[in-house]
Amino acid sequence: MTRSGIIFLSILILNALIAAGYLIWYLNYKKDTDNRKQYMMHTVIMLVCPVVGALYFLFAYLKYHFVEFGERDLTDVEFSKKRHVPRVKADEERERNIVAVEEAIVVSDQEKKRINMLNVLLGETEESYSAIALALDSDDSEVAHYAASFLQSKMDTFRENVRKMQQKIEEGDIEEEECQEQILNLIRYMNHMLKQKVFTRVEQVDYVSQMEQICEKLFQNARDRMIPACYECILGRIMDLREYDRAELWGSRFSEQYPDHLSSYKLRLKLYFETNQNDKFFEVLDQLRASSVVVDNQTLELIRMVRG
């Protein structure tokens, strides 16, 4: 037998061993009986297409496990029956009765008004507390009672959660990442409730003051954890109270720490617009123009209002 024949025969034998090893590995070691036919087919392909078949499956294996071309969107993929999410048929009768909160409390028919209000309270209300508070002035005492009971429950839950979260923060060490994360979570939680303005003026002022204190604690001890969202939260709530001197302090800190963040300019522009400080407004505007920050439509509209 010639040398080329020996090489060719050696390749065939090696290819057959690889194919056999492939089949043995998946059937015995992985014990995947569900795809037994698939592995048998792979083995046949490797035998019929020496070298090429084996290289093809090797490349496919490496690509699948080690190379990614973009992110996979697996939101609608079901991998097993255990992960199956049942699709519950919508309650069409209830859906037809759901209306906006503002509309629910102005319906003239008393019975419909009460049904509408109950449907609103049973739905997604996390962002609608301020609108639900409008129902407190309803001429229907039952609707006003629904709204008052609901808001009182949410406000009591908020008060208790804030107390517990503050207690954990006080017991922790501000130098530790866990404590810093607890402060960030508390700031987000408080902001979500306070921005809806459902508390009395006195209580709103008190909670905004507490929120400012924990922001100050984070600023003084772990300034790098004061992300832009924290500044946006505290600035927004302080400006709601028209405490502009305090807002200017936080705005200055925001711009110093994040000079390339649009919100650091936008919030200061809003501050100086509300306080009629045109000189400072245009000073911030000049800083914005000199920066590389991309301006959004809301900021452009604010600029037009001042110029107009």
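Trainee: Is R242 buried or exposed?

Mentor: In this predicted model, R242 is exposed, because its relative accessible area is 60% and the cut-off for exposed is over 50%.

Trainee: Where is R242 found?

Mentor: R242 lies in the loop between α11 (228-240) and α12 (244-257).

Trainee: And what is its phi?

Mentor: The phi of R242 is positive, about 60 degrees, although R242 is not a glycine.

Trainee: What about K197, what is the phi there?

Mentor: K197 has a phi near 55 degrees, which is a positive value in a residue other than glycine. K197 sits in the loop between α9 and α10 (201-221).

Trainee: Is K197 buried or exposed?

Mentor: K197 is exposed, with a relative accessible area of 52%.

Trainee: Let us change topic. How many helices and strands are in the protein chain?

Mentor: The protein chain has 15 helices and zero strands.

Trainee: How much of the chain is buried?

Mentor: Of the 308 residues in the protein chain, 34% are buried. The accessible surface of the chain is about 20500 Å², and carbon and sulfur atoms account for 54% of that surface.

Trainee: What share of the contacts join residues at least 24 apart?

Mentor: The share is 57%, counted among contacts in the protein chain between residues at least 6 apart in sequence.

Trainee: Back to the surface. Which residues form the nonpolar patch?

Mentor: The nonpolar patch on the surface consists of I7, I11, V51, V52, L55 and L58, and together these residues have about 520 Å² of accessible area. Two elements, α1 (3-29) and α3 (52-66), each give two or more residues to the patch.

Trainee: Which element gives the largest share?

Mentor: That is α3, with three residues.

Trainee: Where is I11, then?

Mentor: I11 is in helix α1. I11 counts as partly exposed because its relative accessibility is 37%, and partly exposed residues fall between the 20% limit for buried and the 50% limit for exposed.

Trainee: Which residues gather in the patch of negative charge?

Mentor: D173, E175, E176 and E178 gather in that patch on the surface.

Trainee: Pick E175. Where is it found?

Mentor: E175 is in the loop between α8 (141-171) and α9 (177-194).

Trainee: Why does E175 count as exposed?

Mentor: E175 counts as exposed because its relative accessible area is 55%, and a value over 50% is what the term requires.

Terms used:
Residues numbered from 1 in each chain as written. Predicted model: local features only at pLDDT ≥ 70, side-chain atom pairs only at ≥ 80, totals over all residues. Heavy atoms only, no water. Patch = residues over 30% accessible without salt bridge, like charges linked within 9 Å, V, L, I, M, F, W, Y side chains within 5 Å. Areas by Shrake-Rupley, 256 points an atom, 1.4 Å probe, with all protein chains shown as cover. Salt bridge = Lys/Arg side-chain N within 4 Å of Asp/Glu carboxyl O. Lys, Arg positive; Asp, Glu negative; His and termini not counted. Charge placed at Lys NZ, Arg CZ, Asp CG, Glu CD. Helix = DSSP H or I, 4+ residues; strand = E, 2+ residues; numbered from the N terminus. Buried < 20%, exposed > 50% of the residue type's maximum accessible area, 1.4 Å probe, protein only. Contact = heavy atoms within 4.5 Å.
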